[in-house]
Amino acid sequence: QVQLVESGGGLVQPGGSLRLSCAASGSIFRISTMGWYRQAPGKQRELVAAITSGGSTNYADSVKGRFAISRDNAKNTVYLQMNSLKPEDTAVYYCNMRILGRNLVQYDPWGQGTQVTVSS
């Protein structure tokens, strides 16, 4: 079994910054893609950013130039640096990883979600 634990959400004023973290634990052999998603009230969950094991990244158009995804493979952790935050970034943010367990079973766990609120 594997699990993801997120941290770093909170309340921030427009224009401010936050950094989210998501750490995987358990019997892990390899992690390929890591990603961040968000879900605002009344809306569908959407991809915010993703990073492959090789370091390639992709971003939603709405966050390009403001958010940066990175990963620390030694710590099985993915980060999301969010700058120039806007009220429309307000949502619950979830991390997701594609993990191959030591039992050679493929897992796609989700984090518990962390609230990000951008408001003055």
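Reader: What makes the link between the side chains of Asn83 and Gln81 a polar contact?

Author: The side chains of Asn83 and Gln81 are joined at 2.9 Å. A polar contact is a pair of N or O atoms within 3.5 Å; within protein, one must be able to donate a hydrogen and the other to accept it, and residues adjacent in sequence count only if both atoms are side-chain atoms. The value of 2.9 Å is within that limit, so the term applies. The model is predicted: local features need pLDDT of at least 70, side-chain atom pairs count only at pLDDT 80 or more, and totals for chains, interfaces and linings use all residues. Residues are numbered from 1 along each chain as its sequence is written, and side-chain values use heavy atoms, with hydrogens and water left out.

Reader: Why is Asn83 called partly exposed?

Author: Its relative accessible area is 29%. Buried means under 20%, exposed over 50%, and partly exposed in between, with a 1.4 Å probe and protein chains only. At 29%, Asn83 is therefore partly exposed. Asn83 lies in the loop between β8 and β9. Strands (E, at least two residues) and helices (H or I, at least four) are DSSP runs, numbered from the N terminus.

Reader: Which residues is Asn83 in contact with, leaving aside neighbours within four places in sequence?

Author: Gly16, Ser17, Arg66 and Phe67. Contact means heavy atoms within 4.5 Å.

Reader: How do you know whether Arg66 counts as buried or exposed?

Author: By its relative accessibility, which is 10%. The limit for buried is under 20%, so Arg66 counts as buried. Arg66 is placed in the loop between β6 (57-59) and β7. Its side chain makes a polar contact with the side chain of Asp89, at 2.7 Å. Among the residues that Arg66 touches are Gln81, Met82, Asn83 and Asp89.

Reader: Why does Asn96 count as buried?

Author: Asn96 has 13% relative accessibility, so it counts as buried. Its place is in strand β9. A polar atom of its side chain lies 3.0 Å from the backbone oxygen of Pro109. Residues touched by Asn96 include Leu4, Tyr37, Asp108 and Trp110.

Reader: What makes β4 and β9 a pair?

Author: Two strands pair if DSSP finds at least two bridges between them. β4 (residues 28-39) and β9 (residues 91-101) have nine, in the antiparallel sense, so they pair. One of the bridges joins Arg38 to Tyr93 in β9. β4 also pairs with β5 (residues 46-51), antiparallel, over five bridges. There, Gly35 has Ala50 as its bridge partner. Six residues lie between the strands in the hairpin of β4 and β5, and Gly42 takes a positive phi near 80°.

Reader: What is the order of the four strands in the open sheet?

Author: The order is β1-β3-β8-β7, with antiparallel pairing.

Reader: Why are β1 and β7 called edge strands?

Author: β1 (2-7) and β7 (67-72) each pair on one side only. β1 pairs with β3 (residues 18-26) over six bridges, in the antiparallel sense, and Val5 has Ala23 as its partner in β3. β7 pairs with β8 (residues 77-82), antiparallel, over six bridges. Ser70 meets its bridge partner Tyr79 in β8.

Reader: Which residues of β1 form the covered face?

Author: Val2, Leu4 and Glu6. Gln3, Val5 and Ser7 form the uncovered one. In a regular strand the side chains alternate between the two faces of the sheet.

Reader: How do you know that the charged end of Arg19 sits over the ring of Tyr79?

Author: A charge sits over a ring if NZ of Lys or CZ of Arg is within 6 Å of the ring centre and within 35 degrees of the ring normal. The charged end of Arg19 is 4.0 Å from the centre of the Tyr79 ring, so the distance is within the limit. The charged end of Arg45 likewise sits over the ring of Trp110, 4.6 Å from its centre.
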